[in-house]
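The following exercises ask you to read a structure step by step. Try each task yourself before you turn to its solution.

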Amino acid sequence: LFEKIPLNLTVNNKAYKTSVEPRITLLDYLREELHLMGTKKGCDHGQCGACTVHVNGERVNSCLSLAVMNEGKKITTIEGLANGEELHPMQAAFIKHDGFQCGYCTPGQVMSAVACVKEGHTNSRAEISEYMSGNICRCGAYPNIVDAIVEVSKGGTKA
Ligand code: FES
Ligand code: FES
């Protein structure tokens, strides 16, 4: 067993003052300690994007980040994306455009898509696909995911 290290961070606007083993990833911390199960563990090796969260507003594969590297940072997971009862426009767009089938990749896709729009990588469908290429969908919902991102990038979808 490893000695635990103090960790202070904010997750979905809630402050946590805790201590964690140095080897635990941000992904496992979110799922196992905070029981936020929306963030998925696909590959656990940075190759599928299912674990994508926002750290200080930037998208990050949480399986590649140790929890202790996030001292003082602001984490947003899929559970924290919506504003109360109202869906985030990207969530609404995924529903409208059928941007998912089994849904396993969807939380990561949505978090990545929000970041993709914020980064301004939405000038063409090809550019969107390139900047979403870190998020794998085994169901092949890619064209519909791009449709959703195109709509949001144009100022679209209210729930
Ligand atoms: Fe993190 Fe696959 S679980 S990239
Ligand atoms: Fe099934 Fe993407 S919707 S993996």
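**Exercise 1.** In which loop is the place of N12?

Solution. Before starting, note that this is a predicted model, in which local features need pLDDT of at least 70 and side-chain atom pairs count only at pLDDT 80 or more, while totals for chains, interfaces and linings use all residues. Residues are numbered from 1 along each chain as its sequence is written, and chains are lettered from A and ligands numbered from 1 in the order in which they are written. N12 lies in the loop between strand 1 (5–11) and strand 2 (14–20), where helices (H or I, at least four residues) and strands (E, at least two) are DSSP runs numbered from the N terminus. The phi of N12 is near 50°, a positive value in a residue other than glycine. N12 counts as partly exposed because it has 16 C-beta neighbours inside 10 Å; a residue is buried with 20 or more other C-beta atoms within 10 Å of its own, exposed with 12 or fewer, and partly exposed in between, the C-beta atoms being placed from the backbone.

**Exercise 2.** Describe how domain 1 and domain 2 meet.

Solution. Begin with the bounds, which come from an automatic or database domain assignment: domain 1 covers 5–80 and domain 2 covers 89–153. Next, take the centres over C-alpha atoms, which are 21 Å apart. Then turn to the contacts (C-beta atoms, placed from the backbone, within 7 Å), in which 13 residues of domain 1 meet eleven residues of domain 2. On the side of domain 1 that touches domain 2, strand 3 (52–55) and strand 4 (58–61) are the elements that give two or more residues, and strand 3 gives the most, with three.

Methods:
Contact = placed C-beta atoms within 7 Å.
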